[in-house]
Amino acid sequence: MKRPSSRVVVIALVVLIGLIAVGAVPRLHQSAALQRAAAPTVPTVTVMTPSRAPAAADFTLPGNIQAVQDVPIQARADGYLKRRFVDIGDRVKQGQVLAELDTPELDQQAAQGRAAVAQAQASLAQAQSALQQARAALQHNEATARVNDITLTRWRELKAKELVAQQDVDNFQAAFDGSRADVAAAQANIDALTASANAARANVVANEANLRRLTDLQSYQTLRAPFAGIVTVRNVDEGSLISAGSAANAMPAFRVAQIDRLRIFVNVPQTFVSSITPGLSTDTVVRELPDRVFKASVFSTAEALDAASRTLLTEIRMQNEGSVLRPGMYADVKFHVTRPTPPFLVPTTAVIIRSGPPAVAVVGEDGVVHLKQVQLGRDLGSTIEIIAGLGEKDTFILAPADNLQEGARVNSVPTTQAQRPA
């Protein structure tokens, strides 16, 4: 049997290989496509680095205008309004009489106080007179005791010579002992009367102090302005019953405010606290006077931030030029500050707001995402200030996806200058 030639064999092998290739290549392409579809895709994101905000910054904060001094004028004694000399809106000088009170009960108490002082002084004089009498009696008893002592000595000498009876000596001994007892009794009486005189003197002092108190209260029958200002409140009319200021729910008769100088309290955010110092110039604007800017300056600060709002209570003081401003007005205070270390500015879209603290997605050199918690400053619309948590060389994602997680891999594409938000 004749064998096939080698040429035929080669042709057959080529045909066979071609058939296999025709059937296998599509399957390989299909498998590769399936593998590519199953493999996770690495998203491409736009990244940028943070830029510093300008050192010079202006910001405006709201506040209420208040008088530098604004005090209620209350009576110190109960009574009736006898005369009223001012009304709301009247300008008053320091010490000017605002009203006079009629205080009949206080007047009676003062009269009783004067009578009590007189009675106490009379009791003191009586005690001092009794004390003087007791001292005179003591001197008399001491003299009698000395005489009895001398007499007893003489009779004892006579008895020693048997010139007198023992009974006579015993009688003089008894007289001497009695006189010594009288001296002791007189001394005890002096001590008692001295204590009584001291008590009477203390009673005089107490009654005089009470009378001075009542007299001082009578001086408050005239209500006076404590400083120059304007009457902003009047709650009484002639004949009104006036209650003392110490009484519960006592309503002030007047209220006087000093409006030539005004103050405004504002809460400064933590971002600008380091730039707020006494003497810093500010501009104050009232909406009702849009064409006027009132110059003011920082007077003082609380030197401590509120733990809840992270703001610094700041007092602004200003001159009320032309007396056009009124206490209680709403005002806007514009600050002009230069920050030594301005915060970073990032696009608002770069900040991730979820259940926890705000964060920024920072991409490392290895393409791994790290969610850095940051502290936010002012929201400027398209951009927002980052006070802390972000580094100058950190590369962050411009617009992270909502489902972006810590540790995710991304392909980062730097943003162009034209793409940077203004």
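**Terms and values in this predicted model**

Q: What makes the largest pocket a pocket, and how much space lies in it?
A: About 180 Å³ of space lies in the largest pocket of this predicted model. On a 1 Å grid over the protein atoms alone, a pocket is an open set of points with protein on both sides within 12 Å along at least five of seven lines, whereas a cavity is a set where a 1.4 Å probe fits but cannot get out. The volume is the space filled by probe spheres set on the points, which are joined across faces, edges and corners.

Q: Which residues line the largest pocket, and how do they divide by type?
A: Lining residues have an atom within 4 Å of a point; among them are Arg52, Gln270, Ser274, Arg339, Phe344 and Ile387. The lining comprises 6 nonpolar, 4 polar and 2 charged residues. Here Ala, Val, Leu, Ile, Met, Phe, Trp, Tyr, Cys and Pro count as nonpolar, Asp, Glu, Lys and Arg as charged, and the others, Gly among them, as polar.

Q: How do you know that the span of helix H2 is close to the one expected?
A: The expected span is 1.5 Å times one less than the number of residues. H2 (residues 104–160) has 57 residues and reaches 83 Å from its first C-alpha to its last, close to the expected 84 Å. Helices (H or I, at least four residues) and strands (E, at least two) are DSSP runs, numbered from the N terminus; the protein has 3 helices and 22 strands.

Q: What does Ser275 touch, leaving aside residues up to four places away in sequence?
A: Contact means heavy atoms within 4.5 Å. Ser275 touches Leu280, Val337, Thr338, Arg339 and Pro340.

Q: What is the phi of Glu162, and what is that of Arg310?
A: Glu162 has a positive phi of about 60° although it is not a glycine. Arg310, also not a glycine, has a positive phi of about 55°.

Residues are numbered from 1 along each chain as its sequence is written, and side-chain values use heavy atoms, without hydrogens and water. In this predicted model, local features need pLDDT of at least 70 and side-chain atom pairs count only at pLDDT 80 or more, while totals for chains, interfaces and linings use all residues.
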